[in-house]
Amino acid sequence: MTTNAHRAADSHGREVSYLRLSVTDRCNLRCAYCWSCQNMRFLQHSDILSYEEMLECIAAARDLGISKVRLTGGEPFVRRGCLDFVAAIRGRFPDVDVRLTTNATLLEGVPARLAELGVRRINISLDTLDRATFERVTGRDFFDRVRTAIDESLAAGLRVKINAVAMRGINDHELPGFIDLARRLPLDVRFIEHMPMGGGVPWDPSRCWPADEILEEAAKLADLVPEEDANEARGPARMYRITDGAGRLGLISPLSNHFCNTCNRLRITADGRLRTCLFSDKEYSLRPLVRSRLGDRDHLARVLRRALLSKPVGVELLKARRQGAPVAERRMSAIGG
Ligand code: SAM
């Protein structure tokens, strides 16, 4: 079995330990920053890896030293059998730390089951605490479902991180509300800078609300103490404890203060394409390998290892892009965030 000592590294010496696996490109929300009315085409069922094939990908990734797998999408719970898939991963790879990123609109009754399966952490995307704004941003009136799911997740003992895309003119006036949420509840609220992703989704620099400005405004609202999270070593977020609160505030700044130097991630899309960098459209198709006799685990692991060697430094792609152009062609829901 691979131990951390054998983690594979790229040509910049970055070791990978974390796989983001997209189980579907479909989603039940229509978030303005992720969805475009033009060119929205979804993968055919036959193009999507079966859960069995995804397990093979995880097995190969483990051979590289991956110890953490995050299921994402699209919306993972839109795909039938997602919970059984979590159970299958936990059953076959009990040492793998399985996490999920979800919009939490389909989570009724799920958190307790996740906890039973040994899942410890869940990321819930929630950009606003206002029901009308929620509907405006996501196209759906599901705010109450998400709020209930947060409470259910906490009650089930899951560590909850709320991820909010930071958008000027949309949720920048809601900082006091988010800080209050993190004061009252033992969870992390993390703002993520809005990234210029592709797929015809509009991106407007004037809508960006930079992390440093959020921090400056937050420091006026709460006493914040920077915190290192031992369990989240090399994570992308700068975390701050709220001294008189139960939770924390975090800032993820891929644009203004990148964390590419410590990037430890690989991504596999629902159709089995390996992406070694969120911002790079260079993809390696694993599907023919997992579907053919070539798909033995050693071969798959060798392909992953070779691809890893040319893992780019994403910020260079970000800087090199034409002004106003997206940094990658795929929309975020087809990558998995
Ligand atoms: N459906 C799941 C969810 O809502 O969490 C998982 C997929 S979603 C693509 C993953 C994350 O990407 C979400 O937190 C979403 O807010 C974020 N995201 C999507 N587009 C983004 C963008 N252009 N910039 C920053 N974050 C983005």
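## Helix α1 against α2

Contact here means heavy atoms within 4.5 Å. The model is predicted. In it, helix α1 meets helix α2 through Tyr 51, Glu 52, Met 54, Leu 55, Glu 56, Ile 58 and Ala 59. On the α2 side, the partners are Cys 82, Phe 85, Ala 88, Ile 89 and Arg 92. By class, this contact holds nine nonpolar and three charged residues, with no polar ones.

Two packed helices are described by the angle between their axes and the distance between the axes. For α1 and α2, the axes come within 11 Å and cross at roughly 35°. The crossing is right-handed.

## Helix α1 against α9

Helix α1 also meets α9, which spans residues 297-309. These two axes come within 8 Å and cross at roughly 60°. This crossing, too, is right-handed.

From α1, the contact uses Glu 56, Cys 57, Ala 59, Ala 60, Ala 61 and Asp 63. From α9, Arg 297, Leu 300, Ala 301, Leu 304 and Arg 305 take part. The class count is seven nonpolar, no polar and four charged residues.

## Aromatic pairs

How many aromatic pairs does the structure hold? There are five. One of them joins Tyr 51 and Phe 85. Their ring centres lie 4.5 Å apart and their planes are at 20°, so this pair is stacked. Tyr 51 belongs to α1 (residues 51-63) and Phe 85 to α2 (residues 82-92), so the pair ties together parts 34 residues apart in sequence. Both residues are buried.

Phe 134 and Phe 143 form an edge-to-face pair, because their planes are at 65°, with centres 6.0 Å apart.

Elsewhere, ring pairs link Phe 178, Phe 191 and Trp 209 into a cluster.

## Charges over rings

Which ring does the charged end of Lys 68 sit over? The ring is that of Tyr 18, and the charged end is 4.1 Å from its centre. Arg 145 lies over the face of Phe 142. Here the distance to the ring centre is 3.8 Å.

Technical notes
Residues numbered from 1 in each chain as written. Predicted model: local features only at pLDDT ≥ 70, side-chain atom pairs only at ≥ 80, totals over all residues. Heavy atoms only, no water. Phe/Tyr/Trp six-rings, centres within 6.5 Å; stacked < 30°, edge-to-face > 60°. Helix = DSSP H or I, 4+ residues; strand = E, 2+ residues; numbered from the N terminus. Buried < 20%, exposed > 50% of the residue type's maximum accessible area, 1.4 Å probe, protein only. Lys NZ or Arg CZ within 6 Å of the ring centre and 35° of its normal. Axes fitted to C-alpha atoms, helices over the stretch in contact; angles between N-to-C directions. Left-handed = near helix turned anticlockwise from the far one by under 90°. Nonpolar A, V, L, I, M, F, W, Y, C, P; charged D, E, K, R; others polar.
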